[in-house]
Amino acid sequence: MPDVKLPPALTAPKTRALALCGVLVGSLFAVAAFAPLPYTLTWPGSTADVLGTYQGKQVLTITGAPTRQTEGQLRMVTISATNPGERTTLWTALRAWGSSAEAVLPSEAVYPQTDPAKAQQVTADQMTQSQDSATVAALGYLRLAPSQVKVTVDLGDIGGPSAGQLIALGIIDRLAGDGQGGDLTGGRVIAGTGTIDDQGNVGAVGGVPLKTRAAARDGATVFLVPKDECSDAKVNTPAGLRLIPVTTLTDSVNALKALKTGGTVPSC
């Protein structure tokens, strides 16, 4: 075969060095693209109507006081996430950063406990505390004695504290409605998120841009959001979903009543 003479520019030591560096850099990028990162992938999760059933079981069971039939829905919302300890690759993270339907968060923000069993226990404990506080706050709002009214909540394996506000509203709707014989929902599909304490203060939870998408997907037209998270809620807000900021359980009840009567309703 005849000799092939390459141009001097391609055989110069500097060119060979640059080519070698390029190969090394390319290899590093290839490794980085599949190397695990300390981030967790999240996306819109399930929703549950606290006035109805979830996974075939009644969500709210109330004894010790008369309850009422309700119309409309009060949907608590969740986000789904990769499992504790499961790392996200750079490629997956870049894809999620460019998507409005996914998000990547620092793993420690989603799972303070990296051990899967401990993480599950933490979220279960948070849900139990949330249910207890929601019951105390709702009964306190209605001026009913917790010693006479018992509330049990069944949301399956859903964990975390973010259903507190909606559970409290569900208890109020089942016991008293709007106080004038009607439903708090006004027949609408209402969704929302937010922690709650015994005094009825609604707190931030995180993941709101994904939760609004889950709410709209499941038919909600109104979303009750902790006031401090209004700016987050307005990121890629689904069309037709009305955002209502609240700081207390009383705010939430008053906003739902105003929706029914055409009164003034705050907005983000």
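Here are some notes on the model above, point by point.

1. First, the ground rules. This is a predicted model, so local features need pLDDT of at least 70, side-chain atom pairs count only at pLDDT 80 or more, and totals for chains, interfaces and linings use all residues. Residues are numbered from 1 along each chain as its sequence is written, and side-chain values use heavy atoms, with hydrogens and water left out.

2. The overall picture. The chain has nine helices and 14 strands; these are DSSP runs numbered from the N terminus, with helices being H or I of at least four residues and strands being E of at least two. Of its 268 residues, 40% count as buried. Here buried means under 20% relative accessible area, exposed means over 50%, and partly exposed is in between, using a 1.4 Å probe and protein chains only. The accessible surface comes to about 14,000 Å², and carbon and sulfur atoms make up 55% of that; the areas are from the Shrake-Rupley method with a 1.4 Å probe, and for residues only the protein chains shown count as cover.

3. Contacts along the chain. Among the contacts with a separation of 6 or more, 76% are between residues 24 or more positions apart. A contact means heavy atoms within 4.5 Å.

4. Salt bridges, starting with Asp183. The structure holds four of them, a salt bridge being a side-chain nitrogen of Lys or Arg within 4 Å of a carboxyl oxygen of Asp or Glu. One joins aspartate 183 to arginine 68, with the closest N and O atoms 2.9 Å apart. Aspartate 183 sits in the loop between H6 and strand S10 (189-192), and arginine 68 in the loop between strand S5 (60-63) and strand S6 (73-81), so this pair ties together parts that are 115 residues apart in sequence. Both aspartate 183 and arginine 68 are buried.

5. Lys260 and Asp178. Another salt bridge pairs the side chains of lysine 260 and aspartate 178, at 2.6 Å from N to O. Lysine 260 is in helix H9 (residues 249-261) and aspartate 178 is in the loop between H6 and S10, so the pair links parts 82 residues apart in sequence. Is lysine 260 buried or partly exposed? Lysine 260 counts as partly exposed, at 34% relative accessibility, while aspartate 178 is buried at 13% relative accessible area. Lysine 260 also touches Gly182, Asp183, Leu184, Gly186 and Arg188, besides Asp178, leaving out residues up to four places away in sequence.

6. Arg217 and Asp218. Arginine 217 makes a salt bridge with aspartate 218, where the closest N and O atoms are 2.9 Å apart. Arginine 217 is partly exposed at 47% relative accessibility, and aspartate 218 is partly exposed at 29%. Elsewhere, salt bridges with shared partners join Arg68, Asp173 and Asp183 into one network.

7. A look at Asp173. Aspartate 173 is placed in helix H6 (residues 164-175) and is buried, with a relative accessible area of 0%. What does aspartate 173 touch, not counting residues up to four places away in sequence? Its contacts are Leu51, Arg68, Thr70, Leu74, Asp183, Leu184 and Thr185.

8. Strand S9 has two faces. S9 pairs with S5 in the antiparallel sense over four bridges; strands count as paired if DSSP finds at least two bridges between them. In that pairing, leucine 60 stands opposite valine 153.

9. The disulfide. The count is one, taking a disulfide as a pair of cysteine sulfur atoms within 2.5 Å. The partners are cysteine 230 and cysteine 268, with sulfur atoms 2.0 Å apart. The torsion about their S-S bond is about -65°, so the disulfide is left-handed. Cysteine 230 lies in helix H8 (residues 230-233) and cysteine 268 in the segment after H9, so the pair ties together parts 38 residues apart in sequence. Cysteine 230 is buried at 12% relative accessible area, and cysteine 268 is partly exposed at 27%.
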